[in-house]
Amino acid sequence: MKTPRRFLPSLALLQAFETAARTQSITAAAAELSLTQSAVSRQIRALEAQLGTELFHREKQTIRLTQGGAAYAREIRAALQKISTASLNLRANPGGGTLTLAILPTFGTRWLAPRLPEFLGAHPGITLNLVTRLTQFDFAAEAVDAAIHFGAPDWPGAECTWLRGEHVVPACAPDLAAERAFKTLEDLRAAPLLHLTSRPDAWEKFFERAGMAPQPLHGMLFDQFATVAQAAMVGLGVALLPEFLIEDDITAGRLVVPLHARMRSDEAYYLCAPRGRGPHRPLEAFRDWLCQVAQAAEAAEAARRDGSR
């Protein structure tokens, strides 16, 4: 269906409105856009006339968004950001082939980033942009092609491709391990335990699967993996961490595994992309590569575990 022209205002009008809405000032908007105050006022009046509604309350020398104007400003701001991002991507890669990926911070920096040169070397025409997202979001509202997700394959409106699972292990600072001299899981449960808000019942599951009777657990709560890992390194307690993401810390002696007990997480890592957007060559290439690399890495980790028994 063709959109009526009156509902497609010019970028100049939209930019004048968005700037005035953001700064709440015609004067500030004029300075930012290098226009006169009267020019900005005329552009906003023209937009209001085109839409058939007022966007601002005007009180003497001040402006204030109407309720509808505030909602419109949020959507226009997001749309202008999408246009800007698309233009930057095109300039960076005129031949196309840009992929914008949302990553989980620790998975992205510790596991994915060191492997990306391999992918980019094999696909020199693809430009990869990374943004950080901790939780699910609406793909329709973000200029993102795909996202790394940990959890269940339940992202609304998205196709989820399984990448790999994980085992978690108790990890702490060497000094804490020496001080506590852990010998049993009961010793471990009596220690200060560190918890992630995204995995609030991880320790309960860990002890339950070891056959231990449930009991209330206490300890510090953290909202990010990097923070809880750092807290474990400085001796604040024992954290239950994905083994494959702390290999370097264990090798360097920043963390130790005081008891050789591990748990397979119920959740897994997925590459999620919105359904219905049609074929996108960079995404297809990245998905094929990432699945192969992630699953091969997990198989290699399993082989090392079996070999160390």
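Two strands are taken to pair if DSSP finds at least two bridges between them, and helices (H or I, at least four residues) and strands (E, at least two) are DSSP runs numbered from the N terminus. The structure described here is a predicted model, in which local features need pLDDT of at least 70 and side-chain atom pairs count only at pLDDT 80 or more, while totals for chains, interfaces and linings use all residues. Residues are numbered from 1 along each chain as its sequence is written, and side-chain values use heavy atoms, with hydrogens and water left out.

The pairing of β8 with β9 is parallel and extends over four bridges; Leu194 has Met220 in β9 as its bridge partner.

A further open sheet of five strands, also with mixed pairing, has the order β4-β3-β5-β12-β6. Here β4 (127-132) and β6 (158-164) are the edge strands, each pairing on one side only, and neighbouring strands are turned against each other by 30° on average, direction ignored. Between β6 and β12 the pairing is antiparallel over six bridges, with Ala158 opposite Pro274 in β12.

## Helices and their packing

Helix α5 lies across β3 (98-103), β4, β5, β6 and β12 and runs at about 115° to β3, where axes are lines fitted to C-alpha atoms (for helices over the stretch in contact) and angles run from 0 to 180 degrees between N-to-C directions. Helices α2 (residues 26-33) and α3 (residues 37-51) pack with their axes 8 Å apart and at an angle of about 105°. That makes α2 roughly perpendicular to α3, on a scale in which angles under 35 degrees count as roughly parallel, over 145 as roughly antiparallel, 65 to 115 as roughly perpendicular and the rest as oblique. In this packing, Ile26, Thr27, Ala29 and Ala30 of α2 meet Gln37, Val40, Ser41 and Ile44 of α3, contact meaning heavy atoms within 4.5 Å.

In helix α10 (residues 225-233) the buried residues are Phe225, Val228, Ala229, Ala231, Ala232 and Met233, where buried means under 20% relative accessible area, exposed over 50%, and partly exposed in between (1.4 Å probe, protein chains only). These buried residues pack against α5, β7 (167-171), β8 (193-196), β9 (219-222), β10 (238-242) and α11 (247-252). After α10 comes Gly235, with a positive phi near 90°.

## Aromatic residues

A search of the whole structure finds 16 aromatic pairs, a pair being rings of Phe, Tyr and Trp (its six-membered ring) whose centres lie within 6.5 Å, with planes under 30 degrees apart counted as stacked, over 60 as edge-to-face and the rest as tilted.

Phe17 in helix α1 (residues 11-23) and Phe56 in strand β1 (residues 56-59) are 39 residues apart, and their pair links distant parts of the chain. Phe17 has a relative accessible area of 0% and is buried, and Phe56, at 1%, counts as buried. Phe150 lies in strand β5 (residues 146-151) and Tyr269 in strand β12 (residues 268-274), so their pair ties together parts that are 119 residues apart in sequence; both residues are buried.

Phe150 and Tyr269 belong to one aromatic cluster with Phe107, Trp111 and Phe244. Trp111 lies in α5 (residues 105-112) and, at 3% relative accessibility, counts as buried. Not counting residues up to four places away in sequence, Trp111 touches Thr106, Arg164, Phe244, Leu245, Leu290, Val293, Ala294 and Ala297. Arg164 in turn lies over the face of Phe244, at 3.7 Å from the ring centre, a charge being placed over a ring if NZ of Lys or CZ of Arg is within 6 Å of the ring centre and within 35 degrees of the ring normal.

## Positive phi in loops

Most residues other than glycine have a negative phi. Ser34, in the loop between α2 and α3, has a positive phi near 60° and is exposed, with a relative accessible area of 67%. Lys60, in the loop between β1 and β2 (62-65), has a positive phi of about 55° and is exposed at 86% relative accessible area.
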